[in-house]
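Trainee: Could you show me how to read a structure with two chains? I would like to go feature by feature.

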Amino acid sequence: MPEPLLELRGLRKRFGGLTVTDDVSLTVLPGEIHAVIGPNGAGKTTLIHQISGTLRPDEGEVVFAGQRVTDWSFPRRARAGLARSFQITCIVPGFTALENVALAVQARSGSSFRFFRPAHLEARLNEAARAALEGVGLGHRAGVVAGSMSHGEKRQLELAVALAMEPRLLLLDEPLAGAGPEETERLVALLRSLRQRYGILLVEHDMGAVFALADRVSVLVYGRVVITGTVEEIRSHPEVRSAYLGEDEMA
Amino acid sequence: MTGRARLLLPVLVLAGLAAAPFLGFDTGFAYTLMARAMILGMAALSLSLLVGGAGLVSLGQAAMLGIGAYAVAALDHAGVTNALVVFPAAALLAGLFALVTGAVSLRTSGVHFIMITLAFGQMAFFTASSLSALGGDDGYTLYGRTEWMGTRLLEDRAAFHFILLALLAGTWLLLSALIDSRFGRVLRASRENALRAQAVGFSPFPYRLVAYTVAGAISGLAGALLANATEFVSPATLAWGRSGELLFMVILGGVGQLYGAILGALAIVLLEEWLSHLLNYWRLAFGPLLILSVLFLRNGLAGITAPPRRRRAPPKAAAPKAATLEARADA
């Protein structure tokens, strides 16, 4: 078994009396899509926050590419190759699509304490940004102000930003939320094409997409991992049926 | 590119200031008025970098101005009047003050940031009031203007006018370059969406601190020039009303455009002068004019001729966002 890209060891997080992450341990291998599913309020987004560094766990460790990153800040983890997307779209609305992506390219190509050369004229940044936009099918929208894009386009843009970071692991928090059927199809195809290059931790409600994409699935209920297994094992697990999927969906 | 048209207004204003002495505005009175507008314009430009560029609404910029002015007074008191010492010292001292106070202030955001910059400003004000060697509350009258290579160049009205004009234009060009650079891009992204900047790997704090320090140093230089223009320094230079006035200039001129600060400074200085001739109670008219301008000139004076710049956000984005605060709290 290859060395895991991401390893969570006994993560625990409480908000007052409520335990939202309860002894969660899981791994993401290189080139693997590991999906986390669970009912609303199961603590999926809180878990993503702890992995990305926007929340600090009360107990446990986050190990990324062999390094303990539990105490690292969110930006530092991002620079180390841990890219995350957000459940609620998170872009710079006043920037063009190209500049949104170029910002991510800039973060990994040399110092940003450069004061005199206009950043929008840096061909190296723009070329890499354009390539990332084309990778998600937004090449023709490069010059559009991000704030005026459609919801689906913003989700694609966010993905392009994550890819432009050249990360090793993608943390995707419901990347399909709010996308129409056609957009979903396109995004699923896109995510499938990314699998070889990155490890992906995918939080998603769309069961069709999860079962089509995931190598392994973990089911989170009340902050605990009930089971981790292959798609087949999850489909046939009785506890999962009752806790989450419902009998109808399995029929 | 629309860039050219966008630059028309500020270039016209600067050209107008350059031509003014040849168009009959070469009386002592006119020079004094223009000097005041250009110096405050420099300080307002530096504040505009913070407000429009970084989304940092500071109410303590007068402290940097005052520190620059007091540097001139203190050096004058010590017998040092060489411009090559005085002006760098003023900028350095104000920049250092900004660096230290910024390191504390920038830990906060929104209203807290406004309050803490105001508090630091008041600290500087009371410190200046208690400097008995420099006149305390009464202020300090300079023996003469700062010397350039042993000459009294700055006492020549026309020379002083063109030096100020060059420094104003230089400040504008410098800060424009800063806003457009990689550094400025991180600053602008952090203003609009700090969480997004963090997500790609930028921690906003060091970028904001550098901006705050640069703005402080420029205001310090402006303060040193102000001391030379009036040949007098007093705690009034550091009063918080002055910080508010600078903020007015930035907002009236237009937060979305750096050069708006120049327009704002010019407009307020001229309006003050004109209204005070027109009416005894001119301040009564000043307030409503400002309110009307904020209500109806959404992009400020700069917005009259130029549409809001595409790559820069509309001024409303200057308000701190919930996401920003959330990210800070989480960090």
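Predicted model: local features only at pLDDT ≥ 70, side-chain atom pairs only at ≥ 80, totals over all residues.

Trainee: How many helices and strands does the secondary structure of chain B come to?

Mentor: Helices (H or I, at least four residues) and strands (E, at least two) are DSSP runs, numbered from the N terminus. Chain B has 14 helices and 2 strands. Its radius of gyration (taken over C-alpha atoms) is 19 Å, close to the 20 Å from the globule rule for 331 residues, so chain B is as compact as a globular protein of that length. That rule is 2.2 Å times the number of residues to the power 0.38.

Trainee: What percentage of the residues of chain B count as buried?

Mentor: A residue is buried if 20 or more other C-beta atoms, placed from the backbone, lie within 10 Å of its own. In chain B, 49% of the 331 residues are buried.

Trainee: Which residues of chain B does the "transmembrane region" annotation cover?

Mentor: UniProt annotations may be inferred rather than shown by experiment; positions are in the numbering used here, and feature names are shortened. The unreviewed UniProt entry lists residues 85-106, 113-134, 158-179, 246-269 and 281-301 of chain B. Residues 158-179 of chain B are 100% helix, with end C-alpha atoms 32 Å apart. For residues 281-301 of chain B, the span is 71% helix and 0% strand, and the ends lie 25 Å apart.

Trainee: How many residues of chain B are in contact with chain A?

Mentor: Two residues are in contact if their C-beta atoms, placed from the backbone, lie within 7 Å. Here 27 residues of chain B contact 32 residues of chain A. α7(B) gives the most to this side of chain B, with 6 residues.

Trainee: And which domains does chain A have?

Mentor: Domain bounds come from an automatic or database domain assignment. For chain A, the assignment gives domain 1 (1-81 + 167-251) and domain 2 (93-165). Their centres, taken over C-alpha atoms, are 26 Å apart. Between them, 11 residues of domain 1 of chain A contact 9 residues of domain 2 of chain A.

Methods: Residues numbered from 1 in each chain as written. Chains lettered and ligands numbered in written order. Buried ≥ 20, exposed ≤ 12 C-beta atoms within 10 Å, placed from the backbone.
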